[in-house]
Amino acid sequence: MMTLKTLRVFDTLSDTKKDIVPITPGKLSMYVCGVTVYDLTHIGHARVYIFFDVVQRFLRHLGYEVKYVRNHTDVDDKIIKRAAELGMAPLELSAKFIDEFHEDMGRLHVAEGDVEPKVSDHIPHIIAMVERLIERGHAYNANGDVYFRVQSFDGYGKLSHRKLEDMEAGRSGRVSDDEGQKEHPFDFALWKSTKGDELSWESPWGPGRPGWHIECSAMSSEYLGETFDIHGGGRDLIFPHHENEIAQSEACSGKTFANHWMHIGMVNVAEVDETGRKIERKMSKSLGNFWTTRDVLKGYHPEALRYFAHTTLYRNPVTYSSDNLDEATQRIEYLYTTLDRVQDALAKSGFSDDNPPPEARWYENKGQVLEGFQERLEDVLSDDFNTPRALALFGEVARIGNELTESKKKLNDERAWTLWHVRASLLLAGKILGLLELDPKQALEEIRDLKVELLGIDRARVEEKIEERRQARENKDWAQADAARDELLAMGIEIMDSPEGTTWRVTT
């Protein structure tokens with residue numbers, strides 16, 4: 001077996017960068033916590049799943065055999081409450097929002113997991129795990145509710161780097177509804193008893209449903225084994241969800257749960273306070289600064305949102321603002337324009353996938369960037385998935401593409417050979433980062449149409465002025481043609497003439 005490139009990532013558990021050493025050479029197993037499907041996804045979700053989509057793309061690019069599991073939490077108190085409000089059955093509501101999740105992720109070019117388990121399909125697995133924890137003395141039944149005994153697990157707090165005694169000392173005076181039957185205030189529910197016609201399943205402890213944390217332990221072990229390579233999710237899951245997963249999984253199996261832990265930084269929102277000062281606050285429904293993925297995609301292209309997600313190292317917070325999304329849009333537009341120009345130049349000189357240009361010397365000194373581009377891209381992504389540096393490499397290649405297509409002359413061998421590698425490099429980086437996945441002309445039209453709608457530009461008026469200019473040029477009425485162009489520019493419209501006709505774009 002060939003030796004595959006080693007990846008170095010920041011591991012939350014050890015609080016340091018370390019090499020990923022696969023349990024099985026050449027294979028990597030990864031579990032990422034999915035959403036609780038009671039509502040539409042928000043941009044925090046989008047950032048998490050865009051990032052892990054890049055992880056699985058890059059691992060497969062390197063030649064690893066990847067098994068990627070991403071669950072759906074379709075049994076939860078929030079789902080039950082929302083379903084009651086809407087007059088729907090809880091599993092009907094969760095099925096609807098699983099479909100909505102896939103629609104949102106599909107628009108963002110986020111691939112589905114190799115396995116996407118649902119809690120409702122794994123109740124027997126969950127019950128079996130709870131039974132084993134009781135047998136081993138790590139859990140107890142309290143009137144039909146089953147709790148994990150945190151004091152029975154010596155490593156509790158190792159992921160979040162907290163000590164149980166410190167957490168207990170820092171508790172507020174508020175007492176939870178179920179605290180009276182717990183042995184310790186931080187014991188958490190593995191199984192919750194139900195009453196009446198609530199969503200429930202039969203169990204050795206009476207009718208009930210799973211607690212939140214147990215589901216991921218049961219499903220990950222079912223599909224990836226008791227120990228797997230990578231566990232990931234948002235930073236907000238470190239405590240208590242992932243901490244509790246570790247406790248119950250390792251208490252049950254006696255083995256290490258996951259060898260590497262990766263967590264994604266939170267989304268902050270740029271705002272202006274009452275004094276006019278620019279501030280950043282965590283995105284939150286309660287603060288009224290909450291954005292669903294669909295909210296964002298009403299005004300921005302999906303690839304602009306992906307580009308924006310890549311501009312900050314995944315484990316750091318990222319700031320959502322219209323300025324940052326506008327800048328990401330400009331970069332995506334620039335990359336697609338470059339790819340379009342490069343492909344048009346090659347096609348006009350007769351080159352295609354079936355007829356590549358002959359091997360030649362690099363044009364001028366362009367080989368310094370293009371030669372070894374793939375290796376440099378792999379190096380930056382192998383070092384803790386540094387997507388900002390990957391975008392910088394992307395930009396270097398695009399600059400060469402624009403420079404070499406400024407001339408309209410037929411390509412000589414050196415320019416053709418160099419442009420061929422520009423195209424290959426752009427497409428390679430795009431495939432890994434989930435960018436440049438559309439036909440360039442289609443993507444540029446989609447970006448333009450979004451701007452037109454967002455800015456309220458009268459499309460019919462634009463087309464009318466373009467036709468007016470075309471007729472004026474045909475009649476050699478240059479003054480009228482210039483006047484039409486100036487009026488379009490005043491509307492924020494730039495027109496581009498080519499042998500194929502006139503196209504236009506929004507410059508605002």
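Trainee: What share of the contacts between residues at least 6 apart in sequence joins residues at least 24 apart?
Mentor: The share is 74%. Keep in mind that this is a predicted model.

Trainee: What makes two residues a contact?
Mentor: Their heavy atoms lie within 4.5 Å. Take Q480 as a case. Leaving aside neighbours within four places in sequence, Q480 is in contact with E468 and A472. Each of those pairs therefore has heavy atoms within 4.5 Å.

Trainee: How far apart are Q480 and M283?
Mentor: Their C-alpha atoms are separated by 51 Å. Along the chain, the two residues are 197 places apart.

Trainee: Why is Q480 called partly exposed?
Mentor: Its relative accessible area is 32%. Buried means under 20%, and exposed means over 50%. The value falls in between, so Q480 is partly exposed.

Trainee: Which helix holds Q480?
Mentor: Q480 lies in α17, residues 478-490. In total, the protein has 17 helices and 15 strands.

Trainee: How much of the protein is buried?
Mentor: Buried residues make up 52% of the 508 residues. The accessible surface comes to about 23600 Å². Carbon and sulfur atoms account for 47% of that surface.

Trainee: Which residues of α12 are buried?
Mentor: Helix α12 covers residues 373-382. Its buried residues are F373, L377, E378, V380, L381 and S382. Each one therefore has under 20% relative accessible area.

Trainee: Why can residues three or four places apart in an α-helix point the same way?
Mentor: An α-helix has 3.6 residues a turn, so residues at that spacing point the same way.

Trainee: What covers the buried residues of α12?
Mentor: The cover includes strand β1 (8-11) and helices α1 (43-62), α11 (367-370), α13 (387-404) and α14 (413-433). After α12 comes D384, whose phi is positive, near 60°.

Trainee: How do you know that β5 and β6 pair?
Mentor: Pairing needs at least two bridges. β5 and β6 (residues 145-148) have four, so they count as a pair. Their sense is antiparallel.

Trainee: What makes β5 and β8 edge strands?
Mentor: The open sheet runs β5-β6-β7-β8, with antiparallel pairing. β5 (139-142) and β8 (208-210) each pair on one side only. Neighbouring strands here are turned by 20° against each other on average, direction ignored.

Trainee: How many side chains are positive, and how many negative?
Mentor: There are 65 positive and 88 negative side chains. The centres of the two sets lie 3 Å apart.

How values were computed: Residues numbered from 1 in each chain as written. Predicted model: local features only at pLDDT ≥ 70, side-chain atom pairs only at ≥ 80, totals over all residues. Heavy atoms only, no water. Helix = DSSP H or I, 4+ residues; strand = E, 2+ residues; numbered from the N terminus. Axes fitted to C-alpha atoms, helices over the stretch in contact; angles between N-to-C directions. Buried < 20%, exposed > 50% of the residue type's maximum accessible area, 1.4 Å probe, protein only. Areas by Shrake-Rupley, 256 points an atom, 1.4 Å probe, with all protein chains shown as cover. Lys, Arg positive; Asp, Glu negative; His and termini not counted. Charge placed at Lys NZ, Arg CZ, Asp CG, Glu CD.
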